[in-house]
Amino acid sequence: MSFLKFSHALILTLASTLPLTSHAALDKNEREIVKQVDKNIPQALKEIEQAVNINSGSLNIEGVKKVGALTSEQLKAIGFKVEWLDGSAFNRAGHVLAAHESKNPDAIKILMIGHLDTVFAKNDNFTTYKQLDADTASGPGVADMKGGNTIIITALKSLQALNLLENVSIKVLLTGDEESSGRPLSLSKQAIVDAAIWADVALGYENGDNNIKTAMAA
Ligand SMILES: [Zn+2]
């Protein structure tokens, strides 16, 4: 993935979670957010590398759990309440569900969706994060979607640092079986269905090809 694109995606993420009054120019708050994001990007890049270097093919239960534990710590550090939803009943590792509840009863409810697993099995030869040039890296799941998970966490960390999460309620659901769904689906999809019913807005952070015409809206 391109780090430049990563940075743009992060800013888009922040923009999409806040009401924007103007598209023409950034207001003071937004400029503060951009500064905060810039500050957090070196750490974000380290966190992608760390997650990518843990194999988490959907059927590598221990690996998916390890990535779950890593993201759980990162979300706890921002002040989220984090639960591990065990997946043994549907033959997969499980999901991370993190929540931040606003004290404001009218706060908008936003669901942010990522996934912990990749298509690269434990015995795959493609195992490591590799910096290709200043702006590009490769690795198993670097774009699909450990990069997206890091965008979620870095966006929240940046907003939290600026006390901008007070009037928004957020759930982050990182599923452990996106690439290969556990069965029965009624159990493996229960968390995402429940979260969707709860949410006013749901945002998925899986990457695309930068063409709005091919963006997934479902
Ligand atoms: Zn994906």
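Q: Which is Asn-91, buried or exposed?
A: In this predicted model, Asn-91 has a relative accessible area of 55%. The cut-off for the label is over 50%, so Asn-91 counts as exposed.

Q: What is the phi of Asn-91, which is not a glycine?
A: Asn-91 sits in the loop between β1 (81-86) and β2 (94-100). Its phi is positive even though the residue isn't a glycine, with a value of about 60°.

Q: Where does Asn-163 lie?
A: Asn-163 is another non-glycine residue with a positive phi, about 55° in this case. Its relative accessibility is 52%, so it counts as exposed. As for its place in the chain, it is in the loop between α4 and β6.

Q: How many helices and strands does the chain have?
A: Going along the sequence, the pattern reads α-α-α-β-β-β-β-β-α-β-α-α-β. Count up the elements and you get six helices and seven strands.

Q: Among contacts in the chain between residues at least 6 apart in sequence, what percentage join residues at least 24 apart?
A: For background, the chain has 218 residues, and 42% of them are buried. Take the contacts between residues at least 6 apart in sequence: the share joining residues at least 24 apart is 75%.

Q: Why is α2 roughly antiparallel to α3?
A: The two axes come within 10 Å of each other. Angles over 145 degrees count as roughly antiparallel. α2 and α3 get that label because their axes cross at roughly 155°.

Q: Which residues of α3 make the contact with α2?
A: α2 (28-52) passes α3 (61-77) in a right-handed crossing. By class, the contact has three nonpolar, two polar and one charged residues. From α2 come Glu-47, Gln-50 and Ala-51, and from α3 come Val-67, Leu-70 and Gln-74.

Q: Which is α3 to α4, roughly parallel or roughly antiparallel?
A: The axes of α3 and α4 (residues 142-161) are 10 Å apart, and the helices pack at an angle of about 15°. Angles under 35 degrees get the parallel label, so α3 and α4 are roughly parallel.

Q: Which residues in α4 meet Val-67, Thr-71, Gln-74 and Leu-75 in α3?
A: The crossing of α3 and α4 is right-handed. Its contact residues divide into four nonpolar, two polar and one charged. On the α4 side, the residues are Lys-146, Ile-153 and Leu-156.

Q: At roughly what angle do the axes of α2 and α4 cross?
A: This crossing is right-handed too. Its contact residues include Ile-33, Val-37 and Ala-44 of α2, with Gly-147, Thr-150 and Lys-157 among those of α4. By class they divide into ten nonpolar, seven polar and three charged. The axes come within 8 Å and cross at roughly 145°.

Q: What distance separates the C-alpha atoms of Val-142 and Val-52?
A: Val-142 is in helix α4 and counts as buried, with 6% relative accessibility. Val-142 and Val-52 are 90 residues apart along the chain, but their C-alpha atoms are separated by 6.0 Å.

Q: What is omega for the cis peptide bond from Asp-144 to Met-145?
A: Met-145 lies in helix α4, so you'll find this bond by looking there. The bond from Asp-144 is cis, with omega near -10°.

Q: Which residues does the cis peptide bond with omega of about 0° join?
A: Look at the loop between β6 and α5 (185-188), where Pro-184 lies. The cis bond with omega about 0° joins Arg-183 and Pro-184.

Q: With which side chain does the side chain of Ser-58 make a polar contact?
A: Ser-58 lies in the loop between α2 and α3. It is buried, at 6% relative accessible area. Beyond its sequence neighbours within four places, its contacts include Val-64, Arg-92 and Glu-179. The polar contact, at 2.6 Å, is with the side chain of Asp-117.

Q: How far apart in space are Ile-170 and Ser-102, C-alpha to C-alpha?
A: Ile-170 is in strand β6 (residues 168-175) and counts as buried, at 2% relative accessibility. Outside the four places either way in sequence, its contacts include Phe-80, Met-112 and Trp-198. From Ser-102, 68 residues away in sequence, the C-alpha to C-alpha distance is 8.2 Å.

Methods:
Residues numbered from 1 in each chain as written. Predicted model: local features only at pLDDT ≥ 70, side-chain atom pairs only at ≥ 80, totals over all residues. Heavy atoms only, no water. Helix = DSSP H or I, 4+ residues; strand = E, 2+ residues; numbered from the N terminus. Buried < 20%, exposed > 50% of the residue type's maximum accessible area, 1.4 Å probe, protein only. Polar contact = N/O pair within 3.5 Å; in protein donor to acceptor, adjacent residues only side chain to side chain. Contact = heavy atoms within 4.5 Å. Axes fitted to C-alpha atoms, helices over the stretch in contact; angles between N-to-C directions. Parallel < 35°, antiparallel > 145°, perpendicular 65-115°, else oblique. Left-handed = near helix turned anticlockwise from the far one by under 90°. Nonpolar A, V, L, I, M, F, W, Y, C, P; charged D, E, K, R; others polar.
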